[in-house]
Structures are given as structure tokens and as C-alpha cells.
Amino acid sequence: MSDRLSVFKTYKLYVGGKFPRSESGRVYEVTDAKDNWLANAPLSSRKDARDAVVAARKAFGGWSGATAYNRGQVLYRVAEMLEGRREQFVREVAQAEGLSKSKAAAVVDAAIDRWVWYAGWTDKIAQVTGGANPVAGPFFNLSSPEPTGVVAVLAPQDSSFLGLVSVLAPVIATGNTAVVIASEKAPLPALSLAEVLATSDVPGGVVNILSGRTAEIATPLAAHQDVNAIDLAGADEELAKELEIAAADNLKRVLRPRPVDFTETPGTERLTAFLETKTVWHTTGALGAAGSSY
Amino acid sequence: MPTTAPPAHALADVTASDSTLRRFLHGLPGVDAVGLEARAASLGTRSIKTTAKAYAIDLAISMVDLTTLEGADTPGKVRALGAKAVHPDPTDRTAPTTAAVCVYPDMVAVAKEAVAGSGVKVASVATAFPAGRAALDVKLADVRDAVAAGADEIDMVIDRGAFLAGKYLKVYDEIVAVKEACGTSARLKVIFETGELSTYDNIRRASWLGMIAGADFIKTSTGKVAVNATPANTLLMLEAVRDFRAQTGIQVGVKPAGGIRTTKDAIKFLVLVNETAGQDWLDNHWFRFGASSLLNDLLMQRQKLATGRYSGPDYVTVD
Amino acid sequence: MASAPAFEYAPAPESRSVVDIAPSYGLFIDGEFTDATGGKVFKTVSPSTEEVLSEVAEASAEDVDRAVKAARKAFEKWSALPGAERAKYLFRIARIIQERSRELAVLETLDNGKPIKETRDADLPLVAAHFFYYAGWADKLGHAGFGAEPRPLGVAGQVIPWNFPLLMLAWKIAPALATGNTVVLKPAETTPLSALFFADICRQAGLPKGVVNIVTGDGRTGAALVAHPDVNKVAFTGSTAVGKAIARTVAGTRKKLTLELGGKGANIVFDDAPIDQAVEGIVNGIFFNQGQVCCAGSRLLVQESVQDELLDALKRRLSTLRLGDPLDKNTDIGAINSAEQLARITALADAGEAEGAERWSPACELPGAGYWFAPTLFTNVTQAHTIAREEIFGPVLSVLSFRTPDEAVAKANNTQYGLSAGIWSEKGSRILAVASKLRAGVVWSNTFNKFDPTSPFGGYKESGFGREGGRHGLEAYLDV
């Protein structure tokens, strides 16, 4: 039996539900932990970032307007699809992060479970963070969370898959849409995740995934006036400061980088970081016009 | 300012049928209770002092329909009331007369005599006051009786049962009939008994219904139920007369009745008039207080302003 | 008809004698009033008369440093105090404010120019209520949904505006202290006095020294405070431009930031609105506090089918507004806070006229001295007009029309801001549908400009981030 020559995959970006090559026409070499060539990944340009923002904005109305139950089902579907491609992701994570097969399997399992965790949050977070406010007057007053909008996400550089899922899932669970910059040196699990998302009922444009030089892509995103928030998880200290300054131009909500153990069950921080609180007052008053008499 | 208008005014066609009338009344803008009450309360914080207070007190006195509507009323009591209406303050002849005395139909003749020549009007409640629970011909007879005895003004009650059942045309027809019975000599005040209409939307509808039917005045209440005139329901009725005149050219008066006992209260109502319907209604031809004990408080406050001393009940007449 | 004399309200001024303003004030640092290093001072004037009320110390960067050090020193003990004890200090403050509310209302009216009716009936009751509300949280933080034992941040640097001087102080200081932080607060340059009186209230309440520090000054003092390396938390209410500058300043630090900035609120009137109440709501929305309110309903969006009727009613109502002496209890419209603000309002209104919008004001005599601007309404305004886009922060209403709910929502959201909005309709489902589509932090339906300590307040988009008020308001001051 002769050795079969394998078929390589051409990794592409994921924008607006489609898999385009980078508008720049450029790629960069992705290696494994031992510097062996793995693939050529698209080197995204500013234009790719801009296209991704347009796609994310276009998807926002539908995704934020979907019922929380529906979003939960979609996120759960992502977990189901991932479970089916578990072996592929174990292999990719092992290569990307230089992990043993068993350690990579634990990472992938945790990532799948994280989707399940966030799938369950979609229709609960409003009850945890919102509520009725007992104002001193004849008003019904209710605060409820709403998604911020388009969120730029700098995925963690080291935890290329579990870290990615841990920062992406909470953003879309609450109804935001995302433009994700994959780990610069290990973008392949992210680019493969796009294939899962595309087959998991996640509407096109809700998640957009770009690979390339984090600083190059993040800079126009941080300054983009139609991006509402930015998660700086994948930025180093210097870049984070630069991006936070740029983000001030339209007062983006900024989640600063801080050390996170992605194997731990997360709190609600990443859910609430990209939620706005809307408070609606409505007059109530008495049933009738009896009122007080003189 | 237009005070007369052709009888077939701009809204004549809304009474073509029960359904056109209902459509019209239910098409009036809704009333938000919280906002209405907040506006009334806010106007209630106006601070009326010194010269403004003196003006308001005299105006309020001139707007009082000095009222006695008791089973125990006697000709003597009505004569005393008439004398008080003509000379409210026996110690100060500069005090203005009240607008009217308001009595039951059988006391109209007595009242008429008591105020003769003074300019004080005699108003009579009629139409089976206060419940209005009688057949139409009985109510009309009641009205004709009072008019025949010389009543200048008739205070009728609407059929709240019919109104709440949505039989607006029945209520309308009844007002039209009473108006006709008033003839040309008596002005008609239409009492809604706002406390029984239950909602502000109903009070707005009743106001327009009454005005379309020819009311000269719309009046809150009989004084015989738990909730009578309030700043909010009076404000609402002032908005109605203001808007009705804008639409038809016809000016209609407003009379809050029942529960207004102090000068402070009365001034609050005058502020409502001033800042809602406006200056044109600050006259006893267009605004009245249906009250009895209010007058004495107005007189005591008037004495205080004149003398700088607080007055007491012994310095005003008790009826 | 007999023509009666007009019902003219005689002057009804609130007495000034209830407030005793000293000729000069120092900075309140570490429990004591102290002169500014270098002894610089500035004057604060009454906007309605231009009378100089007092001279106030101008804090330098060095003074800010002293204040931050005092707050840092006080933090250790204050944050370690049992919550129940912190609560009692705040309850004391709330009560003292209630006791002194007449004095503080008159003071605020003098320094700010707003009508006594508002300081008496809105500002002061809300100030006391805010302290009372957050007092109760101090020993219940573990139940607030931020973990079992949420920790304070440390020293909070707080910069507040001139439109609600004492109320904005309450919104900043009450939650900060309840959660165990200490504060350095900078009041606005044109309205420093009520914050300095608050310092005296802290003294009466026996608040430990250094827990609250007040540094007066202009923008430079504020800049020094937010840039100070030992400040852990920055809270700012004011203009969007300054908010952005502050966001850049704190970039790359660990400082937690909340911003409450500008707005261009849409007040949407549907054809099934309760019209008379809508008129009141529009008036309250744009003329409350002379329109110098970040959440003002400065854009009226009215459905075409009721536009004429509504505008007639609105104009009639504006003709009854009483402009004049802010201390008169019957004054509805007081003075603009400063010459600078008046110039800005004037320039924007002139731009509205130059761009072709139709200007209208009721007949209205403006006093000779002081800073005044007549209530103003612009019709024929389109989305492209400057006065439909820029925050005017004055008594100027831009009227636009719409035909469908979709169009109303699109126009309402077509702004860089997202602080407030109003909806007027008697149809419940429409209100809820529109409310859910508006990108604004506070939506008032069939009411406007209502505030309550339990109700979170804050913006979307360039109106800032973070919430003040309610349980939500604790988060800004906790390490979560």
C-alpha cells in the first residue's frame, strides 16, 4: 500500500457568512510549535477589517432581535457541530499550541463545554442583570440589558482555541456581533471554527474571523466609528494602550487585557462587558380618576 | 372674543347617530392620569401673594355659587343665604357679591326675592338631583318648574348609568331636551358627577358630549359623592372648554363643585384657570365655585389682607 | 363680557437670608479648609445678576496631589469599617441634607441660576434620596450580585458639571462611599459653592477626615485629578469632548472609568398620544433647567398627522412660561449658567436660523443683567441641520416630523448620542415596540425627565458608559 498524499486545506477568512481570501491577496506562514510549516493563513488588510465591520453591522439587527431562546439553541448547535469534529480540532490545537494529544483533547472538550455554558446563559443574563426598580412615584420602571453592537475581539494569543471560544461566545450570546482577530501565530483553529459556525445556524455576519498581524488589523478596528466595543484580550500592554486611546474617539466600551485561566469556569464579566442597560419608565397611576379630594 | 356661534356648529354632524357620536368621543386624545395630576400639582405650587392674592380672593368671592342643598333647607335659611350672597361681609361693603345662590327648585322663588335687584343669580339644581334617576319627562318638569319660578341657571345631572353603558346619544338627547326646557332665560350647567365616571378619559368625553349638546357650563359634581372637584378633573375640563372654543368658537364655562373649602384651594383653581383656559375665563360668567363653607374662609382671608390681623369665625356670618 | 383685570402674580421671592455665603472658600482637604498652593482664587457669580457671590481657591496639581494623598490615607480605615457603620454616616448625611434643604436650594439657585421651584422640588429631594438609597447598600453589598465580598477600588477622582451641582455630587459620592471608596471631587468652575457647603455637612456628620475631599478649580484641576497616578477610579459627568479626552488619559492604566456625557434626546409624539400631557412632557423635556440637561428631549419628533395641532398647543403653552428671577417661587425659566454657555446657545440658535429653520419664541422680556435666553422652538428642521445634531444644552427645541413608527425610530437613533428618549402614545404595544428599538439608556414613555435613586441612568454610544443609580450604580465603584 503506497502512502497517500494528503489534501491540504486552503485556510480562508470568514466574513459575512462567506469564506473570502484576504483582499490583500497576501498570506503568511503558520508553523507549529516546532516551527514546522502548517499552512498559509490569509494576511488580512485594513480593507478586510472594514468589510468585516460592515458584515457585522448588517447582521446585528437580526441577531440582537432574535429571541434569547433562539440564540441559545444556535450556540448549543455550535457545540454539537464541534463535538462531531472533535478529532480535527484536537489535532489542530495540538499542532498549534504544541500540546500532547490528551492535553489538546482536554482543551477542545473544555471549549465545547464552554459553548454549552454560554448557550444556557442567553435567556438568563437579562434576569440576572436587569429588573424592576422601585421608584418613588407612579411609574413602572424596568431595566434590561441590551447588546452593545459590533464588538471587535482580539482573541488571546496563546490559548488559540479555548481562549478564542471563551472570548467569542459571551459576545454573541448576548446578541452582539463580532469581528474576531485570531491568534496571530496560531490562527488555524480559529479559521476552522469558522467552518463549524457556518454549519451551525449562526447567521452570516454574526461572527467574522480575520487572521494576520493583530496590531495591523486591530488598529483600524479600534478607530472604526461603527465598532461599539473592543475586547483587548489578545493585545500586549503597549498595543492595548494604543488601541484604548484610539477607541476613545467614539467611546467604545473597552475590555482591558488581564490574565485569565481559561480552564476555569468563567464568571459573567465577559457577558456584561458588552451589554448596555436600558431603563424604561412608564406612567401607571391609579385605575380611576378618583384622586384625592379637597 | 366670540361668545355666540351658529347653532349648527362645527361638530353638529357627530351626533348623527350613536355610532358617529361614539367614534367622535372615543377619538378624542387620551388622558394620561399621571401627567394630568402632575400638571395640576405643579400649578398648585404657584405662590400667590399680596396684590395677586387680594385680586384672587375678590375674584373667587364673585365666582361662588353659594349653595344649600339639604333636605332641611327652610325659606329662612335660603333668605339668609341670599342676604349673604348680596353682602358677603357685613363689616365691609366693598366685598363683591357672590355669583349666585344655588338651591333646590322649590326654593327658587324665595331665593329670587332675597337677591332681587342685586345682580346675584339664582341657580337651581334640577333633573332629579343628585342621582338623576327619574324618567325624562319628570326631569323636564323639574326643570320647567324651576325656570318658571325664576331660576337664572339650571344645574342638571347627566344620566351616569347611560353614559357608563356607552349610550352616549341618550345622554346627549337628554341634555338637549333640558337645554330646550331652559328656554332662552336660563343658562344650563351640566353636572357629570366626575367621581362616578371613574376615568379621566370619561371625564374628557363627558365634557365634549355636554358641550356639543349645548351646555353653558360643565360642572364636576353634585357635592353628594365621595370625590368631587379635584384640581386634576377641573384642569381636564378647562382643557376641554379651551379646545372646544378653539374648534367651534363657542365659549363654555366651568364649575368645580364640592370639597373646595379654603382660600388656598380656591386660589389653586384660579391658577388652573389662568394658566389653562386663560384670562377669558377669569370672570364669573365663565367660572364658578360650587361651595358653601368656602365663602367664609375667603372673607376671613380678605379681612386679614385688609387689616393685617388674622380673622376668626366669629367675624364672619354663620348660616 | 366684562373685562376683568389680569391675574398678575405678585413677586414671591424666596428669602436669601437662609443662606450665609462666606466671602471666600478654600479647598476641603483632609477634613480642613485650606488655601490653594500659590494662593490662586477665582470668583463665582450669580448668573441671574452677575453679582459676585464668593471667591474660591483654585487647586493646582500640587493641591490635587495633597487631596489624593489624604483620600488614600483615609481609604484604609474607611474601607475596613463595617458596612453598617459606613451606612450610618451616609444616613446622617441624608438627614442633614433634608434639614438644610431650604438653605441648599437657595444656595444652588444663586450659584447656578436655575429656578428655586426646581432646586426645592427636584434637586434637593433627589440629593437626599440618593444618599438615603446608597446608605442602605453599604452593608448589603454581598447581595448585590457582584460576588460575596466585593471590594472597593480605592480613591475615586470625580469631576462633575454645573447643571445639577449638588445632585451630581450625590450621584458620585453616595455610591462611592457606600462601597468603601474615598473620594476627591472637583465641582464645576461656575458652581463650586454647594460642594463646599457639602464639605460642612460632612463635618456635621462626623465623617472621618480625608474620606471626602473637595478641590475647586477649572478644567486644569480636573485634568490633574483624572491623570493622578494614585487615583483608582475616574467618574466624570460632562461634555462628550472632555469625556473622550479623559478616556485617552486613563488608557493603559488600571483606572476604572465611567462617563456620563452629552445627548440629543428624541421626544417622539405619535398621533394617538395624550396630547395635553405630551405638551407638558415636551416642555419639561427641553425647558427644565433651561434645557441644560444632558438627557434633555431636545429633538421633538412629531407624527405629521398631529403636527399642527401639537405645535399650536405647544406655542400656547410656551406663552405661559414665566422667565425671570430664579429666586421667585413662580419662575419657570431661570438664567443660563454662564456667559460662555449663553454664547454657545446663541451661536447654535443663530446657526439654526442661518441654515433655514424657522425660529419662534414667545413674547418674553429678558432681564437686563445676567445671562438669559428665551425659550426657543425651531420648526422646519431636518436631520441635516446643525441644531438637529449638536447638543445645544439650552432652551432650544428642534421640531422634526415623521410619518411611520419605523421612520421615527430611524430618526431618533440617527445620532452619535444615546442617552435618553421619550415616547408618547396611548397604545401599549407601540410604546414597548418603539422602546425596545431605541438606542438610548433611558426611555421615558408618557413622561420625561424623571429621576430616581433606584433607577439606573446612563448612555449608549457617545453618551458614555456605566450606570449611575440603582444596584447597577454600585458596579462603577467595586473591583469587579
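Reader: How far apart do the end C-alpha atoms of residues 23-254 of chain A lie?

Author: Happy to start there, and do keep in mind that this model is predicted. The span 23-254 of chain A is 51% helix and 18% strand. Its end C-alpha atoms are separated by 28 Å.

Reader: Which UniProt annotation covers that span of chain A?

Author: The record for this one is an unreviewed entry. For residues 23-254 of chain A, that entry gives "domain: Aldehyde dehydrogenase".

Reader: Thanks! Which element gives the largest share of the side of chain A that touches chain C?

Author: Let's begin with the whole contact: 26 residues of chain A meet 30 residues of chain C. Strand 4 (139-147), helix 9 (237-247) and strand 10 (275-283) of chain A each bring at least two residues to that side. The largest share is 8 residues, and the element supplying them is strand 10 of chain A.

Reader: What is the bridge partner of H282(A) in strand 17 of chain C?

Author: Strand 10 of chain A pairs with strand 17 (residues 442-445) of chain C in the parallel sense, over 4 bridges. Within strand 17 of chain C, H282(A) has as its bridge partner S445(C).

Reader: And which helix of chain C gives the most to the side that touches chain B?

Author: Here 25 residues of chain C are in contact with 29 residues of chain B. Helix 4 (116-137) and helix 9 (275-287) of chain C each supply at least two residues of that side of chain C. With 5 residues, the one that gives the most is helix 9 of chain C.

How values were computed:
Residues are numbered from 1 along each chain as its sequence is written. Chains are lettered from A and ligands numbered from 1 in the order in which they are written. This is a predicted model: local features need pLDDT of at least 70, side-chain atom pairs count only at pLDDT 80 or more; totals for chains, interfaces and linings use all residues. Two residues are in contact if their C-beta atoms, placed from the backbone, lie within 7 Å. UniProt positions are given in the numbering used here, feature names are shortened, and annotations may be inferred rather than shown by experiment. Two strands pair if DSSP finds at least two bridges between them.
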